[in-house]
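Please keep the model open on your screens while I talk.

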Amino acid sequence: MISSSDFRTGLTLEIDNGVWQIVDFQHVKPGKGAAFVRTKIKNIQTGAVVERTFNPNEKLPAAHLETNQMQYLYESDGMYTFMDNETFEQTELSKEQLGNALNFLKENMDISLQTYKGKIIGISLPNSVVLNVVECEPSVKGDTATGATKMAKTETGYEVRVPLFVNDGDKLRIDTRTGNYIERA
């Protein structure tokens with residue numbers, strides 16, 4: 001059990017039969033009334049972020065997540081196969097379990113698979129990935145207005161806004177947290 005006065009960013013807790021991670025917290029001592037802890041917590045399974053307050057003496061059970069380093073191998077019939085880097089056991093995940101991670105997943109990519117009580121609850125990708133551009137509008141000389149962008153389609157099928165100088169065949173670094181273009185690689 002963890003006291004709410006011991007909260008810190010990144011701590012995972014079991015709240016209302018779900019697994020939540022503390023994104024932000026603040027100890028508040030108002031002029032009148034009792035002190036409290038204001039938090040922003042994120043549901044690990046759904047990604048929903050909510051604000052919630054706790055009494056400073058309130059105790060909550062810690063959620064112990066297991067993280068395994070895995071390598072993405074291949075896709076077959078809508079199931080995505082991953083291999084544990086230590087035990088070489090293979091695990092299959094569906095499109096629903098992967099969610100937005102499918103936009104950035106490439107063969108032989110290393111990811112972190114998070115499990116809670118033996119159940120897979122999510123995956124963590126690297127902060128950025130390098131993807132090839134397979135289709136984009138051609139650049140036109142003189143088309144250099146400040147901040148102008150165009151759409152580009154990557155090898156995974158993900159479409160991203162890029163600067164006008166990007167062409168077919170270029171390699172782009174994409175931020176997996178926001179989905180935004182970072183730079184040419």
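Let me begin with a definition: a salt bridge here is a side-chain nitrogen of Lys or Arg within 4 Å of a carboxyl oxygen of Asp or Glu. This is a predicted model, in which local features need pLDDT of at least 70 and side-chain atom pairs count only at pLDDT 80 or more, while totals for chains, interfaces and linings use all residues. Residues are numbered from 1 along each chain as its sequence is written, and side-chain values use heavy atoms, with hydrogens and water left out.

With that rule, the count comes to six salt bridges, and I will discuss some of them. One of them joins Arg-177 to Asp-175, with the closest N and O atoms 3.2 Å apart. How buried or exposed are the partners? I call a residue buried under 20% relative accessible area, exposed over 50%, and partly exposed in between, using a 1.4 Å probe and protein chains only. Arg-177 is exposed, at 60% relative accessible area, whereas Asp-175 is buried, at 12%.

A second bridge is formed by the side chains of Asp-170 and Arg-184, at 3.5 Å from N to O. Asp-170 sits in the loop between β14 (159-163) and β15 (171-175) and Arg-184 in strand β16 (residues 181-184), so this pair ties together parts that are 14 residues apart in sequence. Asp-170 is buried, with a relative accessible area of 17%, while Arg-184 is partly exposed, at 43%.

Asp-16 is exposed, with a relative accessible area of 64%, and Arg-52 counts as partly exposed at 31%.

Let me turn to the sheets. Two strands are taken to pair if DSSP finds at least two bridges between them. Five strands form an open sheet in the order β9-β8-β7-β10-β11, with antiparallel pairing. Its edge strands, each pairing on one side only, are β9 (90-94) and β11 (119-124). Within this sheet, β8 and β9 pair in the antiparallel sense over five bridges, and Thr-81 has Glu-92 in β9 as its bridge partner.

For the record's view of this region, UniProt, in an unreviewed entry, places the feature "domain: Translation elongation factor P/YeiP central" at residues 67-121; such positions are given in the numbering used here, feature names are shortened, and annotations may be inferred rather than shown by experiment. Over residues 67-121 the chain is 7% helix and 56% strand, and the end C-alpha atoms are 10 Å apart.

Which aromatic residues form one cluster? They are Tyr-72, Tyr-80 and Phe-82. Rings of Phe, Tyr and Trp (for Trp, the six-membered ring) pair if their centres lie within 6.5 Å, and planes under 30 degrees apart count as stacked, over 60 as edge-to-face and the rest as tilted. The structure holds four aromatic pairs. In one of them, the rings of Tyr-72 and Phe-82 have their centres 5.3 Å apart and their planes at 50 degrees, so the pair is tilted. Tyr-72 belongs to strand β7 (residues 66-76) and Phe-82 to strand β8 (residues 79-84), so the contact ties together parts that are ten residues apart in sequence. Tyr-72 is buried, with a relative accessible area of 6%, and Phe-82 is buried at 1%.

Phe-82 also leads us to the largest nonpolar core, which has 26 residues and counts Phe-82, Leu-105 and Ile-174 among those with the most contacts inside it. A nonpolar core means a set of buried Ala, Val, Leu, Ile, Met, Phe, Trp, Tyr and Cys residues joined through side-chain atoms within 4.5 Å.

Finally, strand β13 (residues 149-154) has a covered face of Lys-150, Ala-152 and Thr-154 and an uncovered face of Thr-149, Met-151 and Lys-153. Three bridges join β12 to β13 in antiparallel fashion, and Glu-135 stands opposite Lys-153. Five bridges join β13 to β14, again antiparallel, and Lys-150 has Val-162 in β14 as its bridge partner.

Technical notes
Helix = DSSP H or I, 4+ residues; strand = E, 2+ residues; numbered from the N terminus.
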